[in-house]
Amino acid sequence: MIDAARELVRNAEQIVAFSGAGLSAESGVPTFRDKDTQGFWVEYDPQKLATAEGFMADPQLVYDWYNDRRRNITGVHPNPAHRALAARPDIVNVTQNIDDLLHRAGAERVLQLHGTLAVDRCQAECGHREAVELADPPPLRACPRCGAMLRPDVVWFGEMLPLDVWQEAEVVSQACDLMLVVGTAAEVYPAAGLIGLARAGGAKIIVINPNPSGASALADLELTGKAGELLPPILEP
Ligand code: BJW
């Protein structure tokens with residue numbers, strides 16, 4: 001299987017790596033839906049923590065949860081999967097992850113579909129944004145421009161993905177001839193729809209995941225295992 005994957009990689013002209021929480025799991029960042037690795041949604045209610053309604057109902061709870069995640073991320077490091085992707089500047093990374101581990105590994109092209117922990121923005125969408133120190137994030141506070149609450153610059157359920165990032169992700173997914181689908185349950189849309197888009201455009205699909213996922217049915221090759229163990233041998237020259 002690894003040899004077959006290496007062959008597909010060797011023959012590809014444009015590769016997109018579409019990733020999810022499983023990419024950062026071996027760094028110690030919890031996933032969302034895994035029962036065996038204490039996924040966030042096993043313990044917490046996504047309606048309370050990952051919706052605008054949840055934030056408006058209890059902004060302190062939601063903001064504190066994201067600040068905990070910000071601090072946790074500063075204590076972890078890119079794993080071999082991040083480094084293998086970063087070592088290939090020809091690969092476009094389209095990720096659902098809001099951490100900075102691909103960047104820290106040195107990846108040059110990273111499209112973050114669901115935003116980033118490193119920025120706060122105005123919940124009332126007045127346009128104000130500010131960078132946040134991940135190791136020492138600020139407390140919940142009002143927007144200096146309009147007085148509404150500031151919130152993490154991430155995409156919650158029911159919200160649109162950042163249009164420029166989404167459009168670029170659509171273009172590269174349609175144009176690629178190989179998509180590596182790494183560490184995602186492929187259940188959240190519209191992000192998961194990029195896999196079908198790539199396939200419809202003629203791309204081969206390699207799925208890397210220890211478990212079956214929403215991408216399994218679209219896979220030309222499904223490698224069962226951890227990203228940190230499988231990606232380095234597949235991507236190394
Ligand atoms: C490993 C591993 C190892 C473990 N190696 N692998 C079409 C159909 C159905 C529903 C919808 C639809 N279109 C829209 C929807 C609604 C909704 C949705 O998709 N719901 C589904 C859950 C049913 N989508 C939305 O609301 C989106 N917005 C939208 O559609 O706007 C349009 C609109 C707006 C307004 C009006 C009208 C239209 C927005 C979705 C935003 C998702 N946000 C979150 C939180 C972001 C911030 C944060 O991080 O806190 O994004 S939810 C959460 O899920 C997070 C993730 O990015 C996302 C994906 O999760 P992921 O990465 O797949 O993680 P897991 O945990 O699920 O899976 C991990 C995988 O790794 C597993 O498979 C493991 O096996 C594997 N793994 N260790 C490799 N070592």
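1. Glu 125 sits in the loop between β4 (115–122) and β5 (129–131). Its phi is near 60°, a positive value in a residue other than glycine. Helices (H or I, at least four residues) and strands (E, at least two) are DSSP runs, numbered from the N terminus.

2. This is a predicted model: local features need pLDDT of at least 70, side-chain atom pairs count only at pLDDT 80 or more, and totals for chains, interfaces and linings use all residues. Residues are numbered from 1 along each chain as its sequence is written, and side-chain values use heavy atoms, with hydrogens and water left out.

3. The peptide bond joining Tyr 189 and Pro 190 is cis, with omega about 10°.

4. The ligand is surrounded by 34 residues, counted when one of their heavy atoms lies within 4 Å of it. The closest are Arg 33, Tyr 66, Arg 69, Gly 158 and Asn 209. Helices α2 (22–25) and α6 (59–74) each supply at least two residues of this shell.

5. The shell residues divide into 17 nonpolar, 10 polar and 7 charged. Here Ala, Val, Leu, Ile, Met, Phe, Trp, Tyr, Cys and Pro count as nonpolar, Asp, Glu, Lys and Arg as charged, and the others, Gly among them, as polar.

6. One of Glu 159 lies 2.7 Å from a ligand nitrogen. One of Gln 96 is 3.1 Å from a ligand oxygen. For Gly 183, the distance to a ligand oxygen is 3.2 Å. Taken alone the ligand exposes 1500 Å², and the protein buries 76% of that (Shrake-Rupley method, 1.4 Å probe).

7. Helices α1 (residues 2–11) and α11 (residues 227–235) pack at about 50°, with axes 8 Å apart. Axes are lines fitted to C-alpha atoms over the stretch in contact, and angles run from 0 to 180 degrees between N-to-C directions.

Terms used:
Polar contact = N/O pair within 3.5 Å; in protein donor to acceptor, adjacent residues only side chain to side chain.
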